[in-house]
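Please examine the sequence and the structure below. The paragraphs that follow proceed from one residue to its partners and then to other parts of the chain.

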Amino acid sequence: MSKKHGRILKAWEKTVRKSQAAAKKRVNSIFAAMSVAHVDDEDNAGLSEVYHAERVLSNGDFYTGQWADNLPHGHGKYLWTDGCMYVGEWFNGKPMGKGKFCWPSGATYEGEFKSSYMDGKGTYTGPSGDTYRGSWIMNLKHGQGTKSYVNGDYYEGEWRRGMQDGHGRYQWHNGNNYIGQWKSGTINGNGTMIWSNGNRYDGFWEDGLPKGNGTFRWADGSFYVGIWSRDPKEQSGTYYPSGSTGGNVDWNPQEVFSVDLQDCKICPGEKVSILPSQKLLNWPGIEGEVLEKQQIWRPQKESDGGGKRRSSVDGRVSHYSWGSEGGDGNNLGDDDDDEGMRATLTKQQMLRIKPPKRQGETISKGHRNYELMLNLQLGIRHSVGRPAPATSLDLKASVFDPKEKVWTRFPSEGSKHTPPHQSCEFRWKDYCPVVFRTLRKLFRIDAADYMLSICGNDALRELSSPGKSGSFFYLTHDDRYMIKTMKKSEVKVLLRMLPSYYNHVRTYENTLVTKYFGLHCVKLTGTAQKKVRFVIMGNLFCSEYAIHRRFDLKGSSHGRITDKPEAEIEATTTLKDLDLNFIFRLQNVWFQEFCRQVDKDCDFLEQERIMDYSLLIGLHFRDTSYNKDSLVAETCPAGARTPRALLLLYLMILGRWASTRLGINMPARAELTVRRNDCELQLVGEPTGELYEVIIFFGIIDILQDYDISKKLEHAYKSIQYDPTSISAVDPKQYSRRFRDFIYRIFLEDT
């Protein structure tokens, strides 16, 4: 602090002390005591006696209730001359705790207060009848809440600084619904609009209108996929009929803007003339405190956006008009700077892990695989959108024939069945298309959503380096799907085991084996004649939870350690068996189901002569935080980091647990382990008793490695140099037994 600031602070403190001294002398002349009754209260330690009092202020305001140290303290009622009223709990002269504030307009707020602010859980009913129930911070809706509008509309979801922000659902009184992302009170981001007639739009929004990639679907099953814009020149897309007679071939996408969305206007919020915190009370004896906290009112400049705002003595400025939906801002400042926005840390020992970051490099123009990505997206859109008769889950043996392939030519100028494109000419192959279409149906993958994820205007992301096999991996923009390039031998293995795979995943809904959604090939024309085969899989780690640690576990020890130093290990680093420093404790029901499913899946892989597969594990730590020296994982999502917002966190957890299934979003406990120094190859360390609450994800991956002649030779060669039980390349029966033994040592029942 500079000398100049120090002198200013001392002068200000001197003024405060003089004000307090003068106030004590005036106290009896300003208030007239009308009746006094003693009240016992064990919670008022440190105060002089608490008693009942009635006070009339010189300006005509009136207070009746509990009183201590010349201040309202306890339960009391305050009436202002303008008709406002507060009834509830007080602390040192301020509304604090549970109470009710009434406006002369008939509006009411009933709920929690903090330092005169509506803060915590509460219900506001406006003069017109609009009602909000949910979380508040400093007079603003902030957190999880619901609002019922007087016209019959309804919103349920997240709020931020007084407006809908985050994920929420808005239901209009005419039966239309929107579910998705909001920003500053406006539909913005990814979301779904469902009309009462059964039509729906899935895709991206900007300022309340479709913008970017999206899909419009009719109730008869037909749909339109394309790029959306209010400007007809920017609108483009493709219509896919349902197969039924009629259809919507002549439909104009601009009708969505001019017709369909006309009845989907968001109700404006109510105006509030004055807020409880603005009814500042100049109690005698605390002028110093009032001086420190008082608000200085001034008209807002035109450049500030109209209305009024308040500035406190620390220089922060904020609006007090609720505007269209609860306010344009507040004096919270940055969330991380406000103590009410910080998490309360309970864990003494923090895991030293860096914050997760988005994986991969975006494939933009100029990237070596940019044209390949365009080809892939064009091919997928053609394959998935092509009309096909409805299929039963009982498939004929002929559709599994490896020769069941469909070739399509994609010239740059377009053809009768393919659109013109900016990439080079290529040929596209679909392997066993009926089987994979049925698998997507079995896995409940919506065709339009699938196309939206892979073929949208958002580019794929290429992971930083190829896997050990030389395959490249790509992620869709929403992380839902992973695309892996494949060797010809791997394609043969998948096609060979496809009938058994289909029967297995159909029989066992909770199977842990990788879910496959499509198998394709791109063949470039010209001199290169290059073929790129790839499979589309589900991404195990697609979740709202950040993945803080990930492990690829085989149950072998040779070469199964990460060569990175600890300081370079990030949340995206995949660790191996000898890096594992946890055992996982599952609840009884989940543990029994886990054991049954691991046995079934391993039996299936053993019968198919598959080896070298892994259990991929992802961990989200629920009770870690950030510290000064190393960044660590957050306790909970932003906006839910304080006891005041526990309701939001609770509802979010309930929603996520509703989607919990084996290997996905599962609550568990991870116990830290340490390995003995005298046992270099100890696969599982000794438990330490230090437990962490986690959300765990796991699945069996890399299930296309056949125990062929190359693997047999690898086994023979490595067995000469190393312990045969420590290497990965072993007979499928031995591999399955070793894998299960290892898994059952690191997964235990939580007692």
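Arg409 has a relative accessibility of 46% and therefore counts as partly exposed, since that class covers values between 20% and 50%. The model in which this value was computed is a predicted one. The side chain of Arg409 meets that of Glu425 in a salt bridge, with 2.9 Å from N to O. This pair links distant parts of the chain: Arg409 belongs to strand β23 (residues 405-410), whereas Glu425 lies in the loop between β23 and β24 (426-431), and the two are 16 residues apart. Glu425 has a relative accessible area of 25%, so this residue is partly exposed.

Side chains of opposite charge can pair when their charged atoms come close. In this structure the count of salt bridges comes to 20.

A second pair is formed by Asp612 and Lys554, whose closest N and O atoms are 3.4 Å apart. Here, too, distant parts of the chain are linked: Asp612 is located in the loop between α8 (588-607) and β33 (614-621), and Lys554 in the loop between β30 (549-553) and β31 (574-575), with 58 residues separating the two. Are these two residues, Asp612 and Lys554, buried or exposed? Both Asp612 and Lys554 are buried.

Asp750 is found in the segment after β36 (747-749), while Arg669 is part of strand β34 (residues 666-674); the pair links distant parts of the chain, 81 residues apart. The relative accessible area of Asp750 is 22%, so Asp750 is partly exposed. Arg669, with a value of 25%, is likewise partly exposed. Salt bridges may also share partners, and in this way Arg200, Asp202, Arg217, Asp446 and Asp449 are joined into one network.

Finally, attention may be turned to Val87, a residue of strand β5 (residues 85-91). Its relative accessible area is 25%, so Val87 is partly exposed. Which residues does Val87 touch, not counting those up to four places away in sequence? The contacts of Val87 are with His75, Gly76, Lys77, Gly99 and Lys100. The position of Val87 can also be described relative to Tyr63: the two residues are 24 residues apart in sequence, and their C-alpha atoms are 9.8 Å apart in space.

Methods
Residues are numbered from 1 along each chain as its sequence is written. This is a predicted model: local features need pLDDT of at least 70, side-chain atom pairs count only at pLDDT 80 or more; totals for chains, interfaces and linings use all residues. Side-chain values use heavy atoms; hydrogens and water are left out. Helices (H or I, at least four residues) and strands (E, at least two) are DSSP runs, numbered from the N terminus. Buried means under 20% relative accessible area, exposed over 50%, partly exposed in between (1.4 Å probe, protein chains only). Contact means heavy atoms within 4.5 Å. A salt bridge is a side-chain nitrogen of Lys or Arg within 4 Å of a carboxyl oxygen of Asp or Glu.
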